Amino acid sequence: MMTRWLRLVALLLGSLMLMARPALAQSILRDAETEAFMADMSGDLVKAAGMQPRNVQVMVINDPEINAFVAGGQYVWVHSGLIAQADNVNQLQGVVAHELGHIEGGHVIRTDGIKEATSITLLSLVLGAAAIAAGGAEAGMGIMGLGQQVGMSKYLAFSRAQESSADLAGARYLSGAHLSGKGSLEFFKKLQNQEYRLAIPQDNSYGRTHPLSGERINVLREVYTVDPAWDTPPNPQLEARFERIKAKLIGFVSEPQQTLLKYPESDRSIPAHYARAYAWHKSAYPEKALSEADALLTAAPHDPYFLELKGQILLESGRPGEAIPPLREAVAKTQQPLIAVLLGHALIATEDEKNYAEAETVLRNAIARDRENPFAWYQLGVVYEHRGDTPRAALASAERFSMIGQDAMALRSADAAMQGLKPGTVDYLRAQDIAMVSRAAVEQKRKRR
């Protein structure tokens with residue numbers, strides 16, 4: 001009997017830890033244009049929050065829910081579903097301002113409420129188990145249940161306090177950046193409509209991690225409407241860029257039929273061409289996708305992101321040689337590492353000997369500006385392998401495996417790299433670092449088993 005209850009204790013503790021742990025969604029969506037837009041859209045907010053824009057990143061993850069979160073470091077994670085449902089850039093800025101409030105408030109690393117809830121829960125489980133062992137099964141269960149309820153209420157109250165604090169902090173950042181709070185209120189009304197559809201009672205937020213949207217609207221309306229920035233019009237350039245980002249995202253993540261319903265052939269706007277290009281490309285209609293890309297380039301012949309799109313379609317349709325000129329121009333205009341990696345891929349895919357030297361230069365420059373790209377390391381490894389530089393090919397593989405969490409493969413590749421690299425060199429020391437970190441991770445996994 002005691003063994004069974006100890007197992008129950010372990011299960012309940014595991015559930016609590018899962019509850020308190022933020023979950024990262026399926027996949028990160030990296031796109032050069034989107035990342036540039038996110039940085040420009042949030043730059044003034046980041047400064048208003050007392051942080052450095054170069055240290056804060058707003059990233060997109062592929063998740064249809066209307067949500068955003070912070071989960072360590074100075075990263076704001078925005079769900080693709082939130083961007084798809086936002087009506088304008090000001091709504092997105094309101095969400096990002098709120099999330100910056102969590103970062104500035106240290107809500108990710110401050111675990112006071114979680115610790116208190118865990119302590120109460122642990123104590124109730126221990127006392128309950130002791131009562132059960134003494135023959136009082138019903139009393140023990142009562143102690144456990146009460147402790148769980150009190151612990152949960154402590155955690156929920158702490159979470160609601162954090163959300164309210166982030167709301168007010170976000171309002172300060174919007175004001176400091178001279179941005180209207182109208183978008184923030186509009187987005188909370190969207191969430192409120194969702195609560196209505198889900199039949200969530202609107203008279204009491206007890207038992208919820210967030211205050212009710214109606215409560216938040218009432219508080220923030222008093223703050224926003226008296227702010228000097230309330231009637232500030234949206235930035236038309238940012239708004240146009242937002243519409244492009246939203247369209248290409250919908251084209252990329254949605255089913256092609258849904259995209260074509262939202263952006264029918266009769267719509268000849270820039271966002272519509274963008275969305276349809278991705279929809280046709282996903283559906284394996286390269287000529288239709290190229291037609292949409294050409295329509296974009298007719299409107300703006302040297303737009304680097306339209307050039308990138310055409311190059312991507314050509315490359316992924318088996319025409320890497322034709323993809324090189326538009327990608328070269330896009331890289332020259334932006335110096336964006338993500339586009340540079342695409343160019344490096346196209347150069348390698350031609351299997352033309354004279355293109356490998358350029359591919360190496362392009363890829364090494366891209367990695368110097370953005371090391372956190374596993375595909376870039378994979379492509380660079382292909383170049384090294386092609387020229388017979390096996391140790392550096394192994395080091396590139398070690399970088400890639402380490403980045404994607406395959407610690408055993410990272411360790412194996414790093415050890416292989418050290419066998420051929422000269423001790424004391426920069427590459428040797430890097431391989432040594434990866435081996436050390438990966439070995440520790442492998443040992444930890446082994447112990448957990």
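Trainee: Which residues do ring pairs link into a cluster in this structure?

Mentor: This is a predicted model, and in it the ring pairs join Phe252, Tyr274, Tyr278 and Phe306 into a cluster. A search of the whole structure finds 7 aromatic pairs.

Trainee: How is a pair of aromatic rings described, and what are the centre distance and plane angle for Phe37 and Phe242?

Mentor: In general, a pair of aromatic rings is described by the distance of the centres together with the angle of the planes. For Phe37 and Phe242 the ring centres are 6.4 Å apart and the planes stand at 40 degrees, so the pair is tilted. This pair links distant parts of the chain, since Phe37 belongs to helix α2 (residues 32-48) and Phe242 to helix α9 (residues 236-253), 205 residues apart. Both Phe37 and Phe242 are buried.

Trainee: Which class, stacked or tilted, does the pair of Tyr75 and Trp77 fall into?

Mentor: The ring centres of Tyr75 and Trp77 are 5.8 Å apart and their planes lie at 15 degrees, so this pair is stacked. As for accessibility, Tyr75 is partly exposed, with a relative accessible area of 33%, whereas Trp77 counts as buried at 10% relative accessibility.

Trainee: Turning to helix packing, at what angle do the axes of α12 and α13 cross?

Mentor: The general idea is that two packed helices are described by the angle between their axes and the distance between the axes. Here the axes of helix α12 (residues 286-299) and helix α13 (residues 304-316) come within 9 Å and cross at roughly 165 degrees. That angle makes α12 roughly antiparallel to α13, and α12 passes α13 in a left-handed crossing.

Trainee: Which residues make the contact between α12 and α13, and how many of them are nonpolar, polar or charged?

Mentor: From α12 the contact is made by Pro286, Ala289, Leu290, Ala293, Asp294, Leu296 and Leu297, and from α13 by Phe306, Leu307, Leu309, Lys310, Ile313 and Leu314. Sorted by class, the contact of α12 with α13 has 11 nonpolar, no polar and 2 charged residues. Phe306, one of the contact residues of α13, is also a member of the ring cluster.

Trainee: How should I read the packing of α18 and α19, and are these helices roughly parallel or roughly antiparallel?

Mentor: Helix α18 (residues 390-403) and helix α19 (residues 407-420) pack at an angle of about 155 degrees, with their axes 8 Å apart; α18 and α19 are therefore roughly antiparallel to each other. The crossing of α18 and α19 is left-handed. Among the residues making the contact are Pro391, Ala394 and Phe401 of α18 and Met409, Ala410 and Gly420 of α19. By class, the contact of α18 with α19 has 10 nonpolar, 4 polar and no charged residues.

Trainee: What does Thr34 touch, leaving aside residues up to four places away in sequence?

Mentor: Thr34 lies in helix α2 and is buried, with a relative accessible area of 9%. With those sequence neighbours not counted, Thr34 touches Val60, Ile245 and Lys248.

Trainee: Where is Leu212 found, and is Leu212 buried or exposed?

Mentor: Leu212 is found in the loop between α7 (182-197) and α8 (213-224), and at 0% relative accessibility Leu212 counts as buried. Leu212 and Phe188 are separated by 24 residues in sequence, while their C-alpha atoms are 9.5 Å apart in space.

Notes: Residues numbered from 1 in each chain as written. Predicted model: local features only at pLDDT ≥ 70, side-chain atom pairs only at ≥ 80, totals over all residues. Heavy atoms only, no water. Axes fitted to C-alpha atoms, helices over the stretch in contact; angles between N-to-C directions. Helix = DSSP H or I, 4+ residues; strand = E, 2+ residues; numbered from the N terminus. Parallel < 35°, antiparallel > 145°, perpendicular 65-115°, else oblique. Left-handed = near helix turned anticlockwise from the far one by under 90°. Contact = heavy atoms within 4.5 Å. Nonpolar A, V, L, I, M, F, W, Y, C, P; charged D, E, K, R; others polar. Phe/Tyr/Trp six-rings, centres within 6.5 Å; stacked < 30°, edge-to-face > 60°. Buried < 20%, exposed > 50% of the residue type's maximum accessible area, 1.4 Å probe, protein only.
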